[in-house]
Amino acid sequence: MCGIVAYIGNQEAYPIILKGLQRLEYRGYDSAGVALLDQKLTIYKKKGKVAELEGSLIGKNLHAKSGIGHTRWATHGEPSDRNAHPHRSPSGKLAMVHNGIIENYAPIKKELQNKGYVFESDTDTEVLLYFIEDIYQNDATSLEEAVRIALKRIIGAYVIILLDEAHPDTLIAARKGSPLVIGIGKNEHFLASDASPIIEYTKEVVYINDYEMAIVKPDELILKNPGNERITPFITKLDMELAAIEKGGYEHFMLKEIFEQPTAVFDCLRGRLDAKAGTIRMGGIDKHLDLLKEAKRIILVGCGTSWHAGLLAEYVFEELCRVPVEVEYASEFRYRNPVINPGDVIIAISQSGETADTLVALENAKNQGAFIFGVVNVVGSSIARLSQAGAYTHAGPEIGVASTKAFTAQLTVLYLIAIKLGYAKGCLSRDRYLHLIGELALIPDKISEVLKSAPEVAALAEKYKDARDFLFLGRGYNFPIALEGALKLKEISYIHAEGYPAAEMKHGPIALVEDNLPVVFVATKDAYHDKLISNAQEIKARKGNVLAIISENDTVFQDIADETIAVPAADEMLAPLLSVVPLQLLAYYTGLAKGLDVDKPRNLAKSVTVE
Ligand code: F6R
């Protein structure tokens, strides 16, 4: 939520910041702004996407060697020029960008208003900036110290970066709960919410930890803890190429990422699964195998699509490992005072590794003694660093706001863990174990086959794009896929959609069925297939339209359904890796047919770093 970029060095700051904001736009696109410092501080900001800011600045003198920029996902105050960042302090000498939420801004604002301050915006950010400047001026202290004092009073999450007209050679940044990466160049530094604005300039980065402050000059990076002690920056080498964050000829990132799934799943299996030798090697699992084997309970924690991956993993772990499993929405889990016992293992699932609810839920569980295992995509992210062990999903950067390849990669990792653990615990016969790993190895090619149905799915999308509602039904392993299909369609096409276990339909949702309501059945062949056929008949009897994702050669469903999309045959447990793909395509093509911005759906942001 909200993307921030800053630069200090010898190059022109504006083009670097602008390009960085474009890369971070997935984090929010309600408004954008930059503050540039060339003797005097100049701030430009505009409601709307980064392109609108860029357009409004054509012809302006944007010369500056340091600057800060922001792309906003609104929390406090509607999207407007006034509420856009950077904000300016009352003296006009400081500018600040912020990602996060200041929860106790209201009492601080009151105090400042009592002192005579008048606010220009409705944001919590401006309150923090005014508070910092008040301390800076009245306590005759350095800006660094003023920031430190102010932050001691702040409740909430933040990354802030400040630019000070009096000290053009220094940026001050601080973090708690929101991400910040600093790229180290030659006599220059780049600051950003993630590494994507940085990689074309340098591969050497420092991930800033919670409660750390950075004092950044062109040729020096000083890190300090809240006690004002210096910390040695830990430099990491980025393992990411520029091409990975560009569209590579596709019209949208979402389509590119859907089509990258054969590679994403392959990369996830690479070096881990050896079908010929019949082995699964995973460093994070091998090292903690005994602990995992002895787990009394596994608790899967995530949000949104990652929660759906967790729900499917519940079915898989219980089946293969015979261990009790619970799946938790991180936002509920963190506040519910859950019972955590010794022997509980938490598996955290997150693409970004920065989701605020997931992060705090894990911190709480870790404090209560749970062991945290991370299934994360973004290397070096907060959740990855908080986890005691983990397995990266290796899906590569996911930029489209709707999660696609990260989901199939999460499932792949979770399957690998469950199969390995189930076999190690003796819950799986060797035959079943070898069968499953053999089947898993075939999945990347089978996804490639499914992708060939894209034109068929596009035609379906065109036909049903004006529907008001959609119902998605599935059972067993395909129930989480029905939820995921509904979520994708809602996000990208703004059509109301509900996912349900197919058998639950009779307990309420069937009342929604009327002439031509599109009902999508996730109906690949499995133990429930006959039951699903009956459910589809029930929809047909009420004049709904049945759209079904089926296994190839399923003539029974072909006869019942109005529309079918076939996927290759696969083990029923692994079939979700195939059945989800046409649903991702359906959402994409429906959004496209409706003329919507599929990479930046309204109101959403990719990395949800606020509550
Ligand atoms: C849906 C989507 C979101 C995320 C959720 C969790 O397409 O992308 O529902 O899955 O915000 O994000 P991560 O996985 O980054 O923790």
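User: Which residue in β3 is the bridge partner of G33?

Analyst: This is a predicted model, where local features need pLDDT of at least 70, side-chain atom pairs count only at pLDDT 80 or more, and totals for chains, interfaces and linings use all residues. Residues are numbered from 1 along each chain as its sequence is written, and side-chain values use heavy atoms, leaving out hydrogens and water. Strand β2 (residues 31-38) is joined to β3 by 8 bridges, and the two run antiparallel; strands (E, at least two residues) and helices (H or I, at least four) are DSSP runs numbered from the N terminus. In β3, G33 has as its bridge partner K45.

User: Which are the edge strands of the sheet of 8 strands?

Analyst: Two strands pair if DSSP finds at least two bridges between them. The open, antiparallel sheet has the order β3-β2-β4-β1-β10-β9-β11-β15. The strands that pair on one side only are β3 (40-47) and β15 (235-237).

User: At about what angle does helix α1 run to β4?

Analyst: Axes are lines fitted to C-alpha atoms, for helices over the stretch in contact, and angles run from 0 to 180 degrees between N-to-C directions. Contact means heavy atoms within 4.5 Å. Helix α1 (residues 13-23) lies across β1 (3-8), β2, β4 (66-72) and β10 (189-192), and its angle to β4 is about 20 degrees.

User: Why is one side of β5 and of β14 left without a neighbour in the sheet?

Analyst: The open sheet of 7 strands runs β5-β6-β7-β8-β12-β13-β14, with antiparallel pairing. One side of β5 (87-88) and one side of β14 (230-231) have no neighbour because both stand at the edges, each with a single partner strand.

User: Which residue in β14 is the bridge partner of L223?

Analyst: Strand β13 (residues 220-224) runs antiparallel to β14, and 2 bridges join them. In β14, the residue bridged to L223 is I231.
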